[in-house]
Amino acid sequence: KTSNWSKESIIYQIMVDRFRDGDRGNNKDSKDFSNSGEKPEISTWGSPITNGNETDKIWNNQFFGGDLTGVREALPYLTDTLGVNALYFMPIFQSDSDHKYDNDTYEYVDNNFGGNKGLAELGKALEDKKINYILDGVFNHTSATGSLYKANKDKFYFQGDFKDGAGKSIPHYPWHGFSNFAKLDYSKEATKNYIYKAENSVAKTFLKTPYFADGWRLDAAEDLNSEPRDFKENGKEDDRQKANNLKIWKDFHDSVRKVAPDSFILGEFWGDNSQWYYGNAWDGKMNYGGFYLPFIENSQNHKYFDGKQSLDNKGEYSVADIAKYTRDYLKKFPYSTALNSTNSISTHDKMRFLNQEYSGKDNTAMMTLAQTLQLTYIGIPMIYYGDEIGAFGDKGGNDPYNRQTFNWNDDEWN
């Protein structure tokens, strides 16, 4: 059984730091150094996004001040102007980085976002308005310098003699070779209890009062394991890893559904493996493989339709051929999975739509076509904040330039 509410939704994806600053009193201070002693880069709203090489040689430490109070202030815009009825928040837990996919811990919402109190207040406001929301569950790894790792490295994590991507020896398993990410060990009952099994586990706590979350988006979902390896180790899949991963997510699904029977479980997975569906573990997936890659980013780098454009094909590929591809792709999944998978034209991992080669900065006609497809294609439309006003990223629009602040001056909207 899949979630009932999700398939009827239009979801709006929010990076909290970049959406709206509703309380300047909780903004990050320049003296708020990281766990590694690095100074944060404090930027004014609307100023350019930078990467580490352009400034202080430190990546992902640029902060603008967006918070959960700002989201609460923007609810009339989201519901009355846009008509969205669900929100997806990128990671909100305490972390040194601006993207927060390397959280220090899971118990505490970042103080710069308003803390747990801020989430509870927003959760109540969303509950009153009958707006659902899901949180980003980065349950594969945490920061290797954060408080959770320091206090529980033997209890929750793979420990041993591992090599990072540069060949350096480190004591924790580095997710995809990144030494700053420490991978959680799901062979340990303590890890499972902490993340999802215990009544006070992370996954259950935020689905209950006073937070009222309605589900989880599962980051790097295929990589969770009870052995120290990722989904594709050295570019190769492993049947044993896949079986371990499915077992974990089945357990997660069954545990979470006991406290929130209609919670939405959305996996991040870019391929077309179908093991997690059929009521087993996930309701749906972020539909990169069935929507974004073939229709929005189709190019010589992704050889859907022989590398010819599908959205702007100029006659290179017929509508009938595109329809055949869609039917063949959807046959790999249950119908309920297709209904519960999200379709995006931009995300935090992909360039802004208006930066695509075939569109160009002023090509509003192509934007209209893409949004029409997004809103009518089977599945759940997921709007990346700013897409609706024609956000355009600097320097090609890829990460981190696709994560700019929302422009609240409607005179400047595209």
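Tyr335 sits in helix α11, which covers residues 335-339 in this predicted model. Is Tyr335 buried or exposed? With 59% relative accessibility, Tyr335 counts as exposed, because the cut-off for that class is over 50%. Along the sequence, Tyr335 and Gly379 are 44 residues apart, yet in space their C-alpha atoms are 9.7 Å apart.

Zooming out, the chain has 12 helices and 16 strands. Its radius of gyration is 21 Å, close to the 22 Å from the globule rule for 414 residues, so the chain is as compact as a globular protein of that length. Buried residues account for 57% of the 414. Take the contacts between residues at least 6 apart in sequence: 68% of them join residues at least 24 apart. As for the surface, the chain exposes about 17300 Å², with carbon and sulfur atoms supplying 49% of that area.

| Pocket | Volume | Lining | Lining by class |
|---|---|---|---|
| Largest pocket | about 1100 Å³ | 42 residues | 13 nonpolar, 14 polar, 15 charged residues |
| Second largest pocket | about 450 Å³ | 22 residues | nine nonpolar, nine polar, four charged residues |

Which residues lie nearest the centre of the largest pocket? They are His99, Tyr101, Trp175, Phe178 and Phe181. In the second largest pocket, the lining residues closest to the centre are Ala391, Phe392, Gln404, Thr405 and Asn407.

Key: Residues are numbered from 1 along each chain as its sequence is written. This is a predicted model: local features need pLDDT of at least 70, side-chain atom pairs count only at pLDDT 80 or more; totals for chains, interfaces and linings use all residues. Side-chain values use heavy atoms; hydrogens and water are left out. Helices (H or I, at least four residues) and strands (E, at least two) are DSSP runs, numbered from the N terminus. Buried means under 20% relative accessible area, exposed over 50%, partly exposed in between (1.4 Å probe, protein chains only). On a 1 Å grid over the protein atoms alone, a cavity is a set of points where a 1.4 Å probe fits but cannot get out, and a pocket is an open set with protein on both sides within 12 Å along at least five of seven lines; lining residues have an atom within 4 Å of a point. Grid points are joined across faces, edges and corners, and a volume is the space filled by probe spheres set on the points. Ala, Val, Leu, Ile, Met, Phe, Trp, Tyr, Cys and Pro count as nonpolar, Asp, Glu, Lys and Arg as charged, and the others, Gly among them, as polar. The radius of gyration is taken over C-alpha atoms; the globule rule is 2.2 Å times the number of residues to the power 0.38. Contact means heavy atoms within 4.5 Å. Accessible areas come from the Shrake-Rupley method with a 1.4 Å probe; for residues, only the protein chains shown count as cover.
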